[in-house]
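Here is a friendly note to read alongside the model. Please keep the 3D view open and find each part as you reach it.

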Amino acid sequence: MAGGRGNPGGPALEAAAEALRRGRGVVVLTGAGVSAESRIPTFRDAMEGLWKSFDPLRLATPEAFAADPVTVSRWYDFRRKKCLEAQPNPGHWALADLERRVRASGGRFRLLTQNVDGLHQRAGSEDVVELHGSIMRWRCSVTGEPVSGLPEQFAEYPARTPDGHAIRPCVVWFGEALPERALEEAYEALETCDVFVSVGTSAVVYPAAGFVHLAAQRGATTIEVNREQTPISGSVSFSLRGSSGEMLPRLVESAFGAIDGR
Ligand code: BV8
């Protein structure tokens with residue numbers, strides 16, 4: 001589709017906002033670039049300090065956990081604590097406000113997130129589908145039983161259940177299937193989507209990376225917000241270059257007026 005390309009606040013943003021304002025079935029897909037503004041490292045730069053010598057694509061697999069549960073559970077506990085310390089940012093608030101505005105105008109809204117940090121829910125978003133699970137929830141790696149009352153600080157790595165089984169985060173690792181319910185809810189929303197917004201994702205991890213194409217096939221207006229070019233930047237209706245914490249409030253305000261005071 002002929003696309004608008006543009007800097008913040010330009011004609012592309014205005015046109016994208018107009019499409020959003022008219023949207024009756026709005027679907028938003030978020031990636032680590034939204035939480036990056038809450039100082040949570042993105043997936044591909046989640047390797048800071050101690051982790052510099054590890055490849056996240058290799059750590060985020062069941063094979064890595066089986067081979068080295070100490071390192072993998074230490075990495076996830078390190079990231080879990082960063083998420084606990086983090087606060088939602090203006091991008092999260094803007095998406096929670098967008099949900100309210102679209103619903104108030106009689107439209108349907110669904111937020112599909114690849115993020116595992118729970119910040120969308122903490123910002124007030126209600127219809128959130130956690131495509132890749134949650135780092136805040138852990139389960140027994142043997143029985144699958146959820147573990148309640150996670151300690152602030154694990155006493156050992158891997159932390160274990162009373163039966164001595166290692167616990168793992170309830171995230172979807174590479175090579176693991178996405179939760180069936182999450183996929184159903186994603187495809188159900190895409191069925192009636194007329195505006196699809198992809199924010200802060202490198203658009204390379206499937207099946208989430210394929211959603212924008214499904215939406216476009218159904219004639220939806222597709223909007224991307226990213227600091228950089230991605231594999232979908234050239235095919236979306238509007239590719240808005242900028243940071244999510246700045247662009248999302250602009251997009252929502254341009255579509256619906258000033259965001260509820262925050
Ligand atoms: C599955 C949880 C099948 C763990 C993650 C089809 C084609 C090719 C490959 C596949 C395919 N189908 C399946 C695959 C394999 C694989 C895959 O896609 N591999 C890729 C690498 C090619 N997919 C899977 O394995 C999936 N499973 O399909 O199973 C199956 C079916 C039945 C039975 C068994 C199996 C599972 C995928 C989920 C993996 N788990 N996360 C954890 O978090 O540790 S994925 C991981 O990458 C992240 O969590 C995130 O969800 C995902 C994408 O990352 P992004 O969110 O995009 O973050 P990234 O750092 O990459 O990019 C950040 C972006 O933000 C950048 O563009 C940057 O420019 C931008 N940005 C940064 N700051 C800002 C910003 N933008 C705006 N403002 C800013 N401030």
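1. **What you are looking at.** This is a predicted model, in which local features need pLDDT of at least 70 and side-chain atom pairs count only at pLDDT 80 or more, while totals for chains, interfaces and linings use all residues. Residues are numbered from 1 along each chain as its sequence is written, and side-chain values use heavy atoms, with hydrogens and water left out.

2. **Two domains.** The protein chain is split into domain 1 (11-39 + 88-132 + 178-256) and domain 2 (49-85 + 135-171); such bounds come from an automatic or database domain assignment. Their C-alpha centres are 29 Å apart. Five residues from domain 1 and eight residues from domain 2 make the contact, where contact means heavy atoms within 4.5 Å.

3. **Helix 6.** Helices (H or I, at least four residues) and strands (E, at least two) are DSSP runs, numbered from the N terminus. Helix 6 covers residues 90-104, and its 15 residues reach 21 Å from first C-alpha to last, close to the 21 Å expected at 1.5 Å a residue. That expected span is 1.5 Å times one less than the number of residues. At the helix start, a side-chain oxygen of Asn89 comes to within 2.7 Å of the backbone nitrogen of Gly91. After the helix comes Gly106, with a positive phi near 85°.

4. **What covers helix 6.** Its buried residues include Gly91, Ala94, Leu98 and Val102; buried means under 20% relative accessible area, exposed over 50%, and partly exposed in between (1.4 Å probe, protein chains only). Among the elements covering the buried residues of helix 6 are helix 1 (11-22), strand 3 (108-113) and helix 10 (244-256).

5. **Gly31.** Is Gly31 buried or exposed? Gly31 is buried, with a relative accessible area of 2%. Gly31 sits in the loop between strand 2 and helix 2. Its C-alpha is 6.3 Å from that of Val199, although the two are 168 residues apart along the chain. Leaving out residues up to four places away in sequence, Gly31 touches Gln114, Asn115, Val199, Gly200 and Thr201.

6. Three strands form an open sheet in the order 6-5-7, with antiparallel pairing; two strands pair if DSSP finds at least two bridges between them. Strand 6 (146-147) and strand 7 (167-171) are at the edges with a single partner strand each, so one side of each has no neighbour in the sheet. Five bridges link strand 5 (residues 133-140) to strand 7, and Trp138 has Pro169 in strand 7 as its bridge partner.

How values were computed:
Polar contact = N/O pair within 3.5 Å; in protein donor to acceptor, adjacent residues only side chain to side chain.
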